[in-house]
Amino acid sequence: MDEQKKDGLEQQQEQTQQVEMKPAGQFIQMKPFKFIMLMFFTILITAGLTIFALTFGEKKVVEVKVPIERAEFTKLYEAFDMLKDKYYKDIEDEKVVDGAINGMFDALEDPYSDFMVKDEAEQFNSGLSSSFQGIGAEIQERNGFITVVSPIKNSPAEKAGLLPKDIILTVDGKSIQGFSASEAVALIRGEKGTPVKLTVKRGENAEPIQMTIVRDDIPVETVYGEMLDGDIAHIQITSFSEETAKELEKILAEYEGKGMKGIVLDLRQNPGGYLNAAVEISNLFVPEGKPIVQVQQKDEEPEITNAAAGKKYNLPVTVLVDNGSASASEILAAALKESVGAKIVGETSFGKGTVQNVTPLKDGSNLKFTTGKWLTPNGNWINEKGIEPDVKVAYPAYASLPIIDPTIEMKDGLQSESIKVAEEMLEVLGYEPGKADGIFDQFTERAVKKLQADNKLEETGILSNETTYALMDALRAKMKSEDPQLLKAKELISDAKDQTEKKTN
């Protein structure tokens with residue numbers, strides 16, 4: 001039995017070995033090259049079937065699916081799909097997507113954050129880096145209205161009498177209420193020599209003003225200077241562009257060679273610009289190692305920028321600001337006030353204490369949004385408060401008079417609010433128009449004729465066109481010659497010079 005079992009086990013082992021050693025036969029015999037090609041064609045056919053199904057299959061196959069990790073966009077995707085499928089006509093995908101991005105920026109309720117399509121982005125970029133064609137006014141959206149921050153020096157907007165805080169209601173008859181600043185700029189800018197008609201509101205109860213401004217080249221030059229008596233340099237910076245610091249260094253070097261003994265740095269009506277330009281200019285006055293500005297990003301401690309080594313102008317300095325001085329202007333004014341001890345003269349500045357970053361997208365559009373806030377060297381945040389002057393000096397009352405539409409004809413027998421404004425202007429200029437009551441009488445007519453004679457115009461006694469421009473130009477020239485803020489700033493410099501000289505002697 002044992003032998004039989006042994007023989008049986010040996011037979012089973014032999015059979016097992018035979019089975020195990022049996023060759024694979026025709027099931028897997030294939031050359032490697034053919035096997036690889038078979039796999040390649042299998043993958044190719046599978047991919048083709050997949051593409052076919054996605055292209056010609058049911059609509060649900062091509063619906064936009066929300067990535068699991070971005071579930072917050074579920075409503076956005078559903079809304080887009082619904083419009084795409086059910087709206088009564090074809091939608092423009094790009095336009096709808098741009099609108100969705102605009103909606104996100106509107107929801108921030110931040111007047112300094114904006115989405116700009118390609119054309120708007122090009123206009124925005126040109127404003128700080130090169131010349132452009134338009135009226136030359138810095139604007140922003142506030143509470144649904146387009147508000148003037150300040151006109152650019154010597155621009156058509158300034159010459160037409162546009163002022164800070166003016167609200168632009170319409171452009172060429174089209175209401176721009178609810179527009180973003182970029183959308184408004186797109187309407188206001190245009191080719192040199194072409195007119196744009198604006199309806200402007202100034203003050204709470206004043207009637208809207210109609211004005212026509214002819215567009216022109218807006219120069220890139222941002223620094224202007226003059227040497228006042230007493231060897232005091234009056235230097236005006238109109239904005240902070242890429243070349244502003246270099247322009248200022250050039251003028252300062254020129255005046256230093258002429259014996260400059262003090263500086264009035266004029267930042268009035270300066271809407272700001274590049275933060276780096278403000279830092280570079282501050283570095284010309286702030287001693288090495290002292291703070292210029294602090295910038296605080298989200299959930300981070302403020303990062304302090306200190307003055308570096310280099311050329312310094314250690315002279316008495318005063319800084320002029322008004323309610324049109326914003327952003328980079330306020331950075332420079334605060335740096336000189338707190339780290340140099342310069343006196344600030346004029347009126348409370350605009351109050352913009354945030355920093356924006358501009359990020360271009362692949363299609364040429366821009367995302368401009370607030371990335372942080374800036375603080376003064378002492379850690380103060382001036383946002384919506386502005387910088388209070390050390391010496392407050394207001395503009396004369398006549399500086400805030402509304403502009404007059406030169407297309408309106410004013411003559412004997414007429415009565416209007418515009419005539420009252422004209423009479424006030426004539427009175428300030430010494431033309432004695434009689435009582436400023438809005439009635440165009442014989443005294444008003446006589447005053448207008450005197451104005452026309454002084455400007456070599458036909459003495460018709462009618463106020464319109466060239467006569468109106470002559471009236472407003474004369475008022476502007478008076479303001480410049482009797483500038484009380486500049487005179488006070490100059491006086492402070494002279495006092496500081498005298499004290500320095502006494503200490504030296």
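Figure 1. An open sheet of six strands runs in the order 10-11-12-15-16-19, with mixed pairing, where strands are DSSP runs of E of at least two residues and helices are runs of H or I of at least four residues, both numbered from the N terminus, and where two strands pair if DSSP finds at least two bridges between them. Strand 10 (223-228) and strand 19 (391-392) stand at the edges with a single partner strand each, so one side of each has no neighbour in the sheet. The model shown is predicted, with local features requiring pLDDT of at least 70 and side-chain atom pairs counted only at pLDDT 80 or more, whereas totals for chains, interfaces and linings use all residues. Residues are numbered from 1 along each chain as its sequence is written, and side-chain values use heavy atoms, with hydrogens and water left out.

**Figure 2. Strand 11 and its two partners.** Strands of a sheet pair through backbone hydrogen bonds, in either the parallel or the antiparallel sense. Strand 10 and strand 11 (residues 232-237) are antiparallel and are joined over six bridges, with Gly225 having Ile235 as its bridge partner and Val223 standing opposite Ile237. The hairpin of these two strands has three residues between them, and within this hairpin Gly230 takes a positive phi near 85°. With strand 12, strand 11 pairs in the parallel sense over five bridges, and here Ile235 stands opposite Leu265 of strand 12.

**Figure 3. The two covered faces of strand 11.** In a regular strand the side chains alternate between the two faces of the sheet. Six of the six residues of strand 11 are buried, a word used here for a relative accessible area under 20%, with exposed meaning over 50% and partly exposed in between (1.4 Å probe, protein chains only).

Figure 4. Helix 9 (residues 244-257) lies across strand 10, strand 11 and strand 12 (262-266), and runs at about 15° to strand 10; axes are lines fitted to C-alpha atoms, for helices over the stretch in contact, and angles run from 0 to 180 degrees between N-to-C directions. Helix 11 (residues 328-339) lies across strand 11, strand 12, strand 15 (317-321) and strand 16 (343-346), running at about 145° to strand 15. In the loop between strand 15 and helix 11 lies Ser327, which has a positive phi near 60° although it is a residue other than glycine, and which counts as buried at 10% relative accessibility.

**Figure 5. The tilted pair of Phe285 and Tyr313.** Two aromatic pairs are found in a search of the whole structure. In the pair shown, the ring centres of Phe285 and Tyr313 are 6.3 Å apart and the planes stand at 45°, so the pair is tilted; rings of Phe, Tyr and Trp (its six-membered ring) pair if their centres lie within 6.5 Å, and planes under 30 degrees apart count as stacked, over 60 as edge-to-face and the rest as tilted. Phe285 lies in the loop between helix 10 (275-282) and strand 13 (291-297), and Tyr313 in the loop between strand 14 (303-306) and strand 15, so the pair ties together parts that are 28 residues apart in sequence. Phe285 is buried at 6% relative accessibility, and Tyr313 is buried with a relative accessible area of 7%.

**Figure 6. Lysines over aromatic faces.** Lys352 lies over the face of Tyr112, at 4.6 Å from the ring centre, and Lys373 lies over the face of Trp381, at 4.5 Å from the ring centre. A charge sits over a ring if NZ of Lys or CZ of Arg is within 6 Å of the ring centre and within 35 degrees of the ring normal.

Figure 7. Not counting residues up to four places away in sequence, Phe179 touches Glu141, Ile146, Lys174, Ala184 and Leu187, a contact being heavy atoms within 4.5 Å. Leaving aside neighbours within four places in sequence, Ser180 is in contact with Asp114 and Ile146, and Ser180 counts as buried at 13% relative accessibility.
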